[in-house]
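Please read this briefing beside the sequence and the model.

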Amino acid sequence: TLSDRLADTFKNLRGKGRLSEADIDATAREIRIALLEADVALPVVKDFVAAVKERARGEEVSQALNPAQQVIKIVNDELVEILGGETRRLRYAKTGPTVIMLAGLQGAGKTTLAAKLALWLKEQGKSPLLVACDLQRPNAVQQLQVNGDKVGVPVFAPEAGNTGGNEDGGDPVGVARASIEEAKRRLFDVVIVDTAGRLGVDAEMMGQAASIRDAVQPDEVLFVVDAMIGQDALTTAQAFLDGVGFDGVVLTKLDGDARGGAALSIRQVTGRPVMFASSGEKMTDFDVFHPDRMASRILDMGDVMTLIEQAEKAFDQEQALKAAQKLSGGDFTLDDFLEQMQQIKKLGSMTKILKMLPGAGQIREQLENFDEREIDRVEAIIRSMTPAERDNPKIIDGSRRARIAKGAGRTVADVNGLVDRFFEARKMMMQMARGGGFAGVPGMPG
Ligand code: GDP
Ligand code: MG
């Protein structure tokens, strides 16, 4: 998998400040292979890899993650972003029934999806009507009726035998139009129009789908595509975009071993979001699309992302623990004080640590109220002290104070103020440590 290969690439990298150009190139090569293996279309792979390289160049090597994990994280974040971040929701009509039209090749899973979607909508309190506009395949209407029965949703279909004497079909446009009237009359609030597909893209099918679209004016046209068709998904999507147009994508047969690169290609090239995912023959094998899950699938990473998140959390916790241990021991020095100030400047860190300590509200407030210039003044004063003074502030007598003040360009009163504040902070920290213990900090005695 990509994570294994990246781990190999970075065997010797731990601890370097930044990824080098050579590291980045090696990384790009591995990502390119992984994406192609996942059936992402070549032009999309190229754009994607370029974006990841750009992002990798700017990043410091994390202390919490090894470089392979870090690159995986960049790749994953970028994938999730392209795949859509948050899932887009269905748009419902403001008045009258919401019309959803399904389009896609034969065998893509439209008829199955129609019923799954109907069930899902029903569970959201909607009352859907299924409409059989595939009058080409002999059993298509019946198939929709069987599926409709399974989910308890009625099917609107041309009356049996009423195909106008036409061998391979009736009038799907007429059926579609009539279904909207029916839905209005019987107060269905969502109409799902199932259409015919062919095995390959052809002009007649596109023409028919476009006519149905014009007749029902759908609120959403969903392009249904079988994830198993791999690289062909992109050309098919392009053909449907040109021939019928669509607003969203449904990826089907994700229960198979297709890696789902089609999702990335289609999203990137058509700009249309993947909205739903279908993953089996049961009516409940259906969900809204989750970009993060698809990203893991495309990269074939399984739980790698979870591990990465855990590593980051563990590292944060380790840092917080170290700081907390230091505070409790009374060996808190002016250097530590300065370091904490600087962290407050960066914001969050100290508050995070203090949040873990019981009874920390007061000092937290105090620390949050510092302004940045104040921290700069503190820094100047502490920098003017000798290492011995910083380690053991008790030795800072009158003459030392005068020297420090002069060195920092501050008054002796400023130095006094700082030293007082330091002792006060240390006292509070020790009290906190003695009083409440470290009940809030995992791994510390409560
Ligand atoms: P349509 O021609 O686009 O209407 O496609 P169908 O709904 O008739 O589906 C074609 C075949 O794929 C049927 O045998 C379905 O049972 C099957 N199918 C549809 N969706 C899925 C899915 O998500 N997973 C699997 N394994 N099979 C599916
Ligand atoms: Mg069908």
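Strand 1 (residues 98–103) pairs with strand 5 (residues 220–226) in the parallel sense over 4 bridges, where pairing requires that DSSP finds at least two bridges between two strands. Strands here are DSSP runs of E with at least two residues, and helices are runs of H or I with at least four residues, both numbered from the N terminus. This is a predicted model, in which local features need pLDDT of at least 70 and side-chain atom pairs count only at pLDDT 80 or more, whereas totals for chains, interfaces and linings use all residues. Residues are numbered from 1 along each chain as its sequence is written, and chains are lettered from A and ligands numbered from 1 in the order in which they are written.

**The sheet and its helices**
- Within the pairing of strand 1 with strand 5, Met101 has Val221 of strand 5 as its bridge partner.
- The open sheet has 8 strands in the order 3-2-4-1-5-6-7-8, and its pairing is mixed.
- Strand 3 (155–156) and strand 8 (286–288) are the edge strands, each pairing on one side only.
- Helix 7 (residues 172–185) packs on the sheet, where it touches strand 1, strand 2 (128–133), strand 3 and strand 4 (190–195), and its direction makes about 165° with that of strand 2; contact means C-beta atoms, placed from the backbone, within 7 Å.
- Helix 8 (residues 203–216) lies across strand 1, strand 2, strand 4 and strand 5 and runs at about 180° to strand 1, the angles being taken between N-to-C directions from 0 to 180 degrees, with axes fitted to C-alpha atoms, for helices over the stretch in contact.

**Ligand 1**
- Ligand 1 is surrounded by 17 residues, of which the closest are Gly109, Lys110, Thr111, Thr112 and Ser278; a residue counts as near if its C-beta atom, placed from the backbone, lies within 6 Å.
- Helix 5 (residues 110–123) gives the largest share of this shell, 3 residues.
- The shell comprises 1 nonpolar, 11 polar and 5 charged residues.

**Domains**
- The domain assignment gives domain 1 (2–83), domain 2 (98–295) and domain 3 (319–436), with bounds that come from an automatic or database assignment.
- The C-alpha centres of domain 1 and domain 2 are 37 Å apart, and their contact takes 12 residues from domain 1 and 19 residues from domain 2.
- On the side of domain 1 that touches domain 2, helix 3 (42–58) and helix 4 (67–83) each supply at least two residues, and the largest share, 5 residues, comes from helix 4.

Note on methods:
Two residues are in contact if their C-beta atoms, placed from the backbone, lie within 7 Å. Ala, Val, Leu, Ile, Met, Phe, Trp, Tyr, Cys and Pro count as nonpolar, Asp, Glu, Lys and Arg as charged, and the others, Gly among them, as polar.
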